[in-house]
Amino acid sequence: MKRTTLWKRMAAAVLSSALLIGAAFTTQHRADAAEVSGKIVIAGSTALLPLTQQAAKEFKKSHPKVKIVVSGSSSIAGPQSVAKGVATIGACDWDATRAVGGFPAYKGLKAYKIAKIPFAVIVNKNNSVDNLSVQQIQDIYEGKITNWKQVGGKDEEIVVINRAKGSGTRVNFEDKIMDGHAIKTSGDNYKEVQKSGDMVNAVSSNPNAIGFVDLAYVKGGIKAVSINGVKATTANAASGKYVFYGYGYLLTKGEAKGADKAFINYILSKKFQNGSLKKLKFIPVK
Amino acid sequence: MEKLSPDWTDATNLLTARRQSRWAAKYAADRFFRFLCLGSIIFLGAVLGAIVLFVSETGFLVFRDVSLWEFFFSSRWDPEHGKYGAAVFIAGTLYLTLVTLLIATPISICVAVFIAEIAPPWLRQWLRTLLDLLVGIPSIVYGYLGATLLIPWIREHTGAPVGDGFLAAAIVLSIMILPTITRITDDALCAVPNEWREANYALGGTTFQMIVRVVLPAAKSGIAAAVILGMARAIGETMAVVMVIGNVAQFGFDLVTPTSVLTSHIVMQILNVDFQSTTNHALYMMAFLLLLISISLIMAIRRLRLKGGQ
């Protein structure tokens, strides 16, 4: 009899203290949740991948309760994954809420412009041509100009290299440079490559090739030509004098909420825009 | 098993019961193993079935928007303007395989004959090891070498402006499938009974006559199986091909015009298309065609093996 009461008392004590501690923890947890917690899944563009990865790394430090998964496959995978609910944030090289480059407009998504991306029209390092006008680039990709001597170079056939349909860089090239003129996608002097790295290899290994790529990729056996006499530099792209640039977007389903919102705000913060973003050769939008 | 009878003593009863329980445990283990094996097979079959079903189901959706005639016989691939002719890729795959086999088969058979019939034993062992090593090299390595070494060479010697095309792809694929065809042909040649070779010499035949008249005809079905296996590898190869073929939706039968085949086109486009689009369905249909081709090749090999065994 005595023994049972002792047990009962002990049990009561343990239970009540457990409840107390539990309650204490819950309130603390709630306080943190009011700050930020949850899971962010980012999918999409590989061009923006270095940016999102860096941002995720820094964001995790200041928000230890948030789990972030970052991956990259292709631009169109960004809005698609978000629309399907596979990812919470989609990265895309164009504003996917508009119909661009043969892709449908993704209704119900909200686009956040996070960075300006400078691109470059590239030729082989040994090519004597240093400057091309937008008109000349259009004519080359349309197949109207086929020899380098027509634009002040050697008497050699121009080899036109293009990215695969749906590439974010190609979408921006068609949008900013081609301006509605259709690229001639056939002929024995035309080929397509899969990735930015393949583009660099193709142009650096062929003395008569022309292509286009993110400005950050320009080094080694290739060089960026000036467009309309303006040098391809981040400064010129930032001021808008250099015309070949695009914007990187993050997309969410509807207005961004919770952790997603905090993450996007972090990327748009002055600290990140003027710090890591600049170091990665993107141009701040704020 | 032994039957229990009521007039036995307790001791024997206990012993028998124990024996019986041990037997039951064994029986259960056997049953379990049987179900495990059966389950594994069903799982594998289900995966294969699911692949065929899913790929074909998505693939056949293309025919809601595109006619059979257009898909198989039109060469105009221009999804932006609603043109989904896949003839370029289908013809390209068949043509590339043909050119590859024309290059690889004679060389492979010569190498195999050298290894099996002519080389001294120490060199034979050495060559076989070398070929086994070559089989294991990842295809992307071949593709990279093709893109950096072979293509500039082709450009220089043919005068082609780009250099990508069937010639580059066929050479890369030939080098890739050469070890496969050679090793299997080698095995087939070694399976020919030695008495037949001795009979040739006894009749006064030369080594050349022995190889051409006796060994090669006797190993015919084995060699055919080797070639088909190489063909299956060539048709399905993607990474090495996409790096050297040029990836343009146009015919390239002159060997040095950039063109495209089923595998390279699928890998170029699949990440960049909308899930629900006709383009995506068309790509799945191409994948289904590849699946059909490889399944029929494997069935052909089984047929040949069965014939060879008789």
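K281(A) lies in the segment that follows α10 (276-279) of chain A, where helices (H or I, at least four residues) and strands (E, at least two) are DSSP runs numbered from the N terminus. Phi of K281(A) is near 70°, a positive value in a residue other than glycine. This residue counts as partly exposed because 17 other C-beta atoms lie within 10 Å; a residue is buried if 20 or more other C-beta atoms lie within 10 Å of its own, exposed if 12 or fewer, and partly exposed in between, with C-beta atoms placed from the backbone. A positive phi, of about 50°, is also found at D179(A), which is not a glycine. D179(A) is placed in the loop between α5 (168-178) and β7 (190-193) of chain A, and it counts as exposed because it has 11 C-beta neighbours inside 10 Å.

The structure is a predicted model, in which local features need pLDDT of at least 70 and side-chain atom pairs count only at pLDDT 80 or more, while totals for chains, interfaces and linings use all residues. Residues are numbered from 1 along each chain as its sequence is written, and chains are lettered from A and ligands numbered from 1 in the order in which they are written. For the complex, the predictor gives an ipTM of 0.78 and a pTM of 0.81. The mean pLDDT of chain B, that is, the predictor's confidence in each residue from 0 to 100, is 91, and 96% of the residues of this chain reach 70 or more.

Chain B contains 12 helices and two strands, which follow the pattern α-α-β-β-α-α-α-α-α-α-α-α-α-α along the sequence. The radius of gyration of chain B is 28 Å, whereas a compact globule of 310 residues would have one near 19 Å; this quantity is taken over C-alpha atoms, and the globule rule is 2.2 Å times the number of residues to the power 0.38. The C-alpha trace of chain B spans about 100 × 70 × 35 Å along its principal axes, and 37% of the 310 residues count as buried. The domain assignment divides chain B into domain 1 (10-64) and domain 2 (70-309), with bounds that come from an automatic or database domain assignment. Taken over C-alpha atoms, the centres of these two domains are separated by 38 Å.

In the pairing of the chains, 22 residues of chain B are in contact with 26 residues of chain A, two residues being in contact if their C-beta atoms, placed from the backbone, lie within 7 Å. On the side of chain B that touches chain A, the elements that give two or more residues are α5 (139-158) and α11 (262-269) of chain B, and the largest share, three residues, comes from α5(B).

In soluble globular proteins, nonpolar side chains tend to be buried together. Apart from neighbours within four places in sequence, V244(B) is in contact with residues including A168(B), A169(B) and V172(B).
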